[in-house]
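Please read it with the structure open.

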Amino acid sequence: MELFSNLALGFSVALSFHGLLYCFVGVMLGTFIGVLPGVGPLVTISVLLPITYNLEPSSALIMLAGIYYGAQYGGSTTAILVNLPGESSSVVTCLDGHQMARRGRAGPALAIAAIGSFIAGTVSNVVVAAFAPALSAWALNFGSPEYFSIMVLGLVTAAVLSHGSMIKAISMIVLGLILGLSGTDVNSGTYRFTFGLPELTDGIDFVVVAMGMFGLAEIIANIQRPEAREIFSSKVSNLLPSRADMKASAWPIARGTALGSILGILPGTGTTISSFMSYALEKKFSRHPERFGHGAIEGVAGPESANNAAAQTAFIPTLTLGIPHNGTMALMLGALTMFGIAPGPQVMTSHPDLFWGLVASMWIGNLMLLVLNLPMLGLWVKMLAVPYRLLYPAIVILSCVGVYTLSNSSLSVVLLAVFGLVGLVFVKLDFAPAPLLLGFILGPMMEENLRRSMVMSRGDPSIFVTRPMSVAMLLIAAILLASMLIPMIRHKKEEAVASDA
Amino acid sequence: MLKLKALVLPLLIALAAPAAAQSDYPTKPIRVVLPFPPGGGTDAVARLIGDGMSKRLGQQVLIDNRPGAGGNIASDLVARAAPDGYTLLMGFSTALTVTPGVSPNLTFNVAKDFTPITELAAGQYVLVVHPDVPVKNIDELIAYAKKNPGSLNFGSSGTGSPHHLAAELFMAKTGTKLTHLAYKGASGSTTALLGNEIQLVFGSVTATLPHIQVGKMRPLATSGLKRLPALPDIPTLDESGLKGFDVTTWYGLLAPAGTSQAIVDKLHDTAVAVLNEEKTKETLNSLSLEPIGNTGPEFGALIARETASWAKVINEAGIKLE
């Protein structure tokens, strides 16, 4: 079996002293910066890049990749503990993860996130090892119309995310879409809603909106309710998930892993959509959907597994085709260039030690993250016992520093404050911010793909229903929408009948 | 006496300071402002040259990524910085020659607000088609495009990007009609070409060469006046019948206008020395870039020349940008 000899080569690289050392350094650094709100892997990697020039190419790549997925891991910790999503994929983790923390169950939330991520990482790693070339060829069938349709499906799932009023959820999605319009229109190069500010010509950064609407808004809201501040420290129960927790999480982890592994291959969109979709899926499957949003462990286990699986399979297009789909991947490929290795489809055959070493090290890195983080649970949970007057000003300052580093712009800090205030208003009026964020992420991509599809078809909208994958996704979206609307209409009818009688 | 010394000494030091500052330059880290986020060609060149300059100048050269507004944010920042040699601009071709010309409410003037130091490196684009397109050279492409007007899609990384403008120039020179699909960033159009959503693209060498080597893209021509060393059998567009077609990409170092000549000279000489290092040449070569290292005035003339020629292409093609 070629696969086994390749994996043997990979593990020989990853288990060498240098492989292990740099993997460890990478995941530690990644976890650390992931925990810091707003500081992302892009900035860290760009600062560390010069150091890697003195390393072996495989060691450098192992370390940089470790930072990347370690950061995703650390981001979940911050999302659960203090409701600050530093990455688009951890928005969903905030929903139930932070609610669990508020109910004194931060330990089980963090543990299930770690366990789910590890299982998902293991399975998706096997997917990468066994099917990378085939999957990357399959992903090329995804053109602009398919992307548009999958985003329609994504937006429909956003409506499922919110508990409570459907109208409120839809209005938040629309508001998110509108916020996403700000920036340069990619088709015509026209500036929209930039208010003469050059900083806005690339649009508003997602992290600014997410941290403002979730984290800052929550912090301000807590000032008004002293009882909420004490809640964390007063009743911390056991640190590890109970048997019932594990049982409840098993299927969500499996479904999240499958969903994430598939969607991760789609460049640019996979990691975010997969966590949102996994959440929606769990809520649909659950016999008690009303528990979601109030600390349901399935709402942490599923999305966390999905986003970690997607983060691993997202390496497939980067490694097999040499095409980077975000700044972090571009930096990693840039590092290869500095070693005289041209990133591209031939890397897998010309430098098998690099490809298989990285694949093997990702699994080892995931194991390290689990082993490192489980003993640290107690420490993280204790952090919540730090008095409010000390902990939260520190978080606010770190958040400001973090968003400043996004593009070295002070406007980001001002916008963070603005979205904090807007988020506060929404908290008071009981509007959930998650649908807004999904609309904000998907809106610009959806528009770009819609308009490109229409140019491709020379203005004929039937392009979306004549391509098989596109029409399949639109059908799923329609069924999902109907499954939500019909009970609502029936409910209304019953109410009407009741009031008639 | 002691008192007098105490008074005079700081005064003398203060008087001597400006002169000392110039001959001792640099005495603190130098900041090089970049118009793009980390991870692209500009970033790679800046880090490579910055690293070499740090070693020679004995001061850290810091890379400061200030993306946004097609490069205007970085240009504006450097145009307004103190002309003391501690804030420099890493210039990229269209960010200096196209974007300012089409931006409203511009707060700086490329010709007046900068002192060009040197052009660091230059490269060109490769016109590639999807292997299913039944053409083997430029003549066949023109004939095919004329027979099927508008049926071929070309990709770009946004309206007004060099990939877009090169294709517009191609259409203007050949009288063909191609359909423009814009993507966010070069990775989008590379994927789209591999998936045959677009049929041709003026791509960077780094984005196309690996796929050319495995037969997933077919190169038809290169966009500069000289053949590309990595693709010696592929003719230039100029050779292929489009006389005078010359689209290159370049990276250069600029200082705010008013920087003293001594500092500009020191920066120029240091940058050129770095360019002459074997390691620099090798790395640039792996990025398919050619080291340049010309004089400041030569670099300034290049900016002026390309600004004028791009303005002509944009006008003639009727591209509307804001």
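1. Ground rules. This is a predicted model: local features need pLDDT of at least 70, side-chain atom pairs count only at pLDDT 80 or more, and totals for chains, interfaces and linings use all residues. Residues are numbered from 1 along each chain as its sequence is written, while chains are lettered from A and ligands numbered from 1 in the order in which they are written.

2. Strand β3 of chain B. Helices (H or I, at least four residues) and strands (E, at least two) are DSSP runs, numbered from the N terminus. Six of the six residues of β3(B), residues 87-92, are buried, so the strand is largely enclosed by the rest of the structure. Buried means 20 or more other C-beta atoms within 10 Å of a residue's own, with C-beta atoms placed from the backbone.

3. Its two faces. In a regular strand, side chains alternate between the two faces of the sheet. On one side of β3(B) sit Thr87(B), Leu89(B) and Gly91(B); on the other, Leu88(B), Met90(B) and Phe92(B).

4. Its partners. Strands pair if DSSP finds at least two bridges between them. β1(B), residues 30-34, runs parallel to β3(B), joined by three bridges. Arg31(B) is bridged to Thr87(B). β9(B), residues 248-256, pairs antiparallel with β3(B) over four bridges. There, Leu89(B) has Leu254(B) as bridge partner.

5. The cores. A nonpolar core is a set of buried Ala, Val, Leu, Ile, Met, Phe, Trp, Tyr and Cys residues joined through C-beta atoms within 7 Å. The largest has 147 residues, and Leu64(A) and Leu437(A) have the most contacts inside it. Helix α6(A), residues 106-139, gives the most to this core: 16 residues. Another core, of 47 residues, lies apart from it and includes Phe92(B).

Terms used:
A residue is buried if 20 or more other C-beta atoms lie within 10 Å of its own, exposed if 12 or fewer, and partly exposed in between; C-beta atoms are placed from the backbone.
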